[in-house]
Amino acid sequence: GLIRVWMRQVCASCRRPASTCLCTALPQPPLAPPGLRTVILQHPFEAKRKIRTAALLQMSMREDSCSVIVGRKFSEARHAELAALCSDPGTVLLFPSADAVPLHTIPSEAVRTCIVLDGTWPQAREMLDASPLLARVRRVRLECNARSEYVIRTQPSDAGLCTLEVVARAIEVLCRDGPAMCEALLGVVRALCRIQLQHGAVVHDSKEAKARRAVAQPELASTPTTATPSASPKLSASASA
């Protein structure tokens, strides 16, 4: 269905303008990775963005398979359920710190919950530093050579993935039908980028790529990458939230 917001038609399901509705790209029925739950801890600034891949992830997965908690600081007093998860040996935190182990080295049946931080790197670090209960959780990292397909937002490095891609790649590693579910989720990212590019967005290189271009061709350093409305998004970067 459609609802009107400020005289503009908005899809009642995906809450996007009717002209950029993504409902046909969302997995149907919603995905439910067996035995695996994803918990997204989202920084308040990220929650205010108009385009958020965590919201699309929620729409793509069954309600009991994915949840989002917004905040800067997570404590036992205010987040009892999260605190219990953090004490569960079956919970992992996807964060590529120095002590993180490769996710693929852990038996898939040993992982019941994946926690992912949603925000910029400084915002993710802020949440970690302000939430001692997250220190209890075993940290894991993805070892993925695929570059990000979320090309409408600048990644900090060539190894940067958006939140939806991080979860998709984790599911790919941990679940028996992971590759198919991963592809379904990546299809949502591709559809989002395709639609946004058709409505005036441009392809963004990673900050690392821009730095390399600045060294090689200083006169082009400040020139943004452009894309025609019909262009397919080019590949960009991959590694954390």
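This is a predicted model: local features need pLDDT of at least 70, side-chain atom pairs count only at pLDDT 80 or more; totals for chains, interfaces and linings use all residues.
Where does Arg15 lie? The residue is found in the loop between β2 and β3.

## Overall composition

The protein chain contains seven helices and eight strands. It has 241 residues, and 46% of them are buried.

## The loop between β2 and β3

Strand β2 covers residues 8-11 and strand β3 covers residues 37-42. Arg15, in the loop between them, has a positive phi of about 60°, although the residue is not a glycine. Arg15 counts as exposed because its relative accessibility is 59%, over the 50% cut-off.

Pro29 is in the loop between β2 and β3. The peptide bond that leads from Gln28 to Pro29 is cis, and its omega is near -5°.

## Cysteines

How many disulfides does a search of the whole structure find? The search finds zero. For Cys14, the closest cysteine sulfur belongs to Cys11, at 3.8 Å from the sulfur of Cys14.

Are Cys14 and Cys114 buried or exposed? Cys14 has a relative accessible area of 3% and is therefore buried, the limit being under 20%. Cys114 also counts as buried, at 2% relative accessibility.

Cys162 is located in the loop between β8 (138-141) and α5. With a relative accessibility of 5%, Cys162 counts as buried. Cys162 and Arg52 are 110 residues apart along the chain, and their C-alpha atoms are separated by 9.3 Å.

## Helix α5 against α6

Two packed helices are described by the angle between their axes together with the distance between those axes. Helix α5 spans residues 163-174 and helix α6 spans residues 178-198. The two pack at an angle of about 165°, and their axes are 7 Å apart. Helix α5 is therefore roughly antiparallel to α6, as the angle lies over the cut-off of 145 degrees. The crossing of these helices is left-handed.

On the α5 side, the contact is made by Leu164, Glu165, Ala168, Arg169, Ile171 and Glu172. In α6, the residues they meet are Gly178, Pro179, Met181, Cys182, Leu185, Leu186, Val188 and Val189. Sorted by class, the contact of α5 with α6 has 10 nonpolar residues, one polar residue and three charged residues.

## Helix α2 against α5

Helix α5 also packs with α2, which is made up of residues 53-60. The angle for this pair is about 45°, with the axes 7 Å apart. Helices α2 and α5 are therefore oblique to each other.

Which residues of α2 meet α5? They are Thr53, Ala54, Leu56 and Leu57. Their partners in α5 are Thr163, Leu164 and Val167. The residues of the contact of α2 with α5 comprise five nonpolar, two polar and no charged. Leu164 of α5 takes part in the contact with α2 and in the contact with α6.

Technical notes
Residues are numbered from 1 along each chain as its sequence is written. Side-chain values use heavy atoms; hydrogens and water are left out. A disulfide is a pair of cysteine sulfur atoms within 2.5 Å. Buried means under 20% relative accessible area, exposed over 50%, partly exposed in between (1.4 Å probe, protein chains only). Helices (H or I, at least four residues) and strands (E, at least two) are DSSP runs, numbered from the N terminus. Axes are lines fitted to C-alpha atoms, for helices over the stretch in contact, and angles run from 0 to 180 degrees between N-to-C directions. Angles under 35 degrees count as roughly parallel, over 145 as roughly antiparallel, 65 to 115 as roughly perpendicular and the rest as oblique. A crossing is left-handed if the near helix is turned anticlockwise from the far one by less than a right angle, and right-handed if clockwise. Contact means heavy atoms within 4.5 Å. Ala, Val, Leu, Ile, Met, Phe, Trp, Tyr, Cys and Pro count as nonpolar, Asp, Glu, Lys and Arg as charged, and the others, Gly among them, as polar.
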